[in-house]
Amino acid sequence: MKMKLREIENVISDYHWMSREVDRLQQALWGSIGSKKSEGVAQYGLAAVMPKGSPGKSQPELNAMDRREKKIYKKLQRYDSMTRAVEHDQELLKEDLHKTIYDCMMEGMSYRATGKHLGISRGKFYREKETILNTLYQKDQKSQIIHFLTEEKLTG
């Protein structure tokens, strides 16, 4: 269990650089920030009724990719699913303090800076962090991070 809690903690702490890496990899593959199109802009005429296509790569496109692009694409999928899992699991927390600590961990703040920011002692911070990790571990049926780590172990 101790190892699993450390793995969960590492996934949450890695969120800040992985989300930036997702953007960079999308830029490398598609030349712009992937499937993040401007939303909320109305289209008129033929543009409104024409099919838009899917945001991912089609099977013929995947087959035509060279080895480097395939590696980048696999990495992009892995990091994207990991960042989505971290974002999803924040909703499993009930207390505002826990959500704030989780958010600070996602932003890559040091534990000392987070404790100072919240005005709590180092001991209290570590107790609350352990409570967060245990909460996610105990909600393994709902936790996307647990599902991600389990799949990693099965496929890796």
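Helices (H or I, at least four residues) and strands (E, at least two) are DSSP runs, numbered from the N terminus. For a packed pair, axes are lines fitted to C-alpha atoms, for helices over the stretch in contact, and angles run from 0 to 180 degrees between N-to-C directions. Please keep in mind that this is a predicted model, in which local features need pLDDT of at least 70 and side-chain atom pairs count only at pLDDT 80 or more, while totals for chains, interfaces and linings use all residues. Residues are numbered from 1 along each chain as its sequence is written, and side-chain values use heavy atoms, with hydrogens and water left out.

**The chain as a whole**

The secondary structure comes to nine helices and zero strands. The chain has 156 residues, of which 31% count as buried; buried means under 20% relative accessible area, exposed means over 50%, and partly exposed is in between (1.4 Å probe, protein chains only). Contact means heavy atoms within 4.5 Å. Among contacts between residues at least 6 apart in sequence, 69% join residues at least 24 apart.

**Where H6 meets H8**

At what angle do helix H6 and helix H8 pack? Helix H6 (residues 96-106) and helix H8 (residues 122-138) pack at about 90°, and their axes are 10 Å apart. That makes H6 roughly perpendicular to H8; angles under 35 degrees count as roughly parallel, over 145 as roughly antiparallel, 65 to 115 as roughly perpendicular and the rest as oblique.

On the H6 side, the contact is made by Leu97, His98, Ile101, Tyr102 and Met105, and on the H8 side by Lys124, Phe125, Glu128, Lys129, Thr131, Ile132 and Leu136. These residues divide into seven nonpolar, two polar and three charged. Here Ala, Val, Leu, Ile, Met, Phe, Trp, Tyr, Cys and Pro count as nonpolar, Asp, Glu, Lys and Arg as charged, and the others, Gly among them, as polar.

The buried residues of H6 are His98, Ile101, Tyr102, Cys104, Met105 and Met106. Just after H6, Gly108 takes a positive phi of about 85°.

**An aromatic cluster**

The structure holds four aromatic pairs. Rings of Phe, Tyr and Trp (its six-membered ring) pair if their centres lie within 6.5 Å; planes under 30 degrees apart count as stacked, over 60 as edge-to-face and the rest as tilted. Two of the pairs involve Tyr111:

| Ring pair | Centre distance | Plane angle | Kind |
|---|---|---|---|
| Tyr111 and Phe125 | 5.1 Å | 40° | tilted |
| Tyr111 and Tyr126 | 5.9 Å | 85° | edge-to-face |

Tyr111 lies in helix H7 (residues 111-118) and Phe125 in helix H8, 14 residues apart. Tyr126 is also placed in helix H8, so its pair with Tyr111 ties together parts that are 15 residues apart in sequence. Ring pairs link Tyr111, Phe125 and Tyr126 into a cluster. Is Phe125 buried or exposed? Phe125 is buried, with a relative accessible area of 1%, whereas Tyr126 is partly exposed at 35%.

Glu9 is found in helix H1 and counts as buried at 8% relative accessibility.

Lys129 sits in helix H8 and is buried, with a relative accessible area of 3%. Not counting residues up to four places away in sequence, Lys129 touches Arg6, Glu9, Met105 and Tyr111. With neighbours left out in that way, Glu9 touches Met105, Tyr111, Lys129 and Leu133.

Leaving aside neighbours within four places in sequence, Glu130 is in contact with Leu5 and Arg6.

Finally, turn to Ser13 in helix H1 (residues 2-13). Beyond residues up to four places away in sequence, Ser13 touches Met105 and Tyr111. The C-alpha atoms of Ser13 and Met106 are separated by 5.5 Å, although these residues are 93 apart along the chain.
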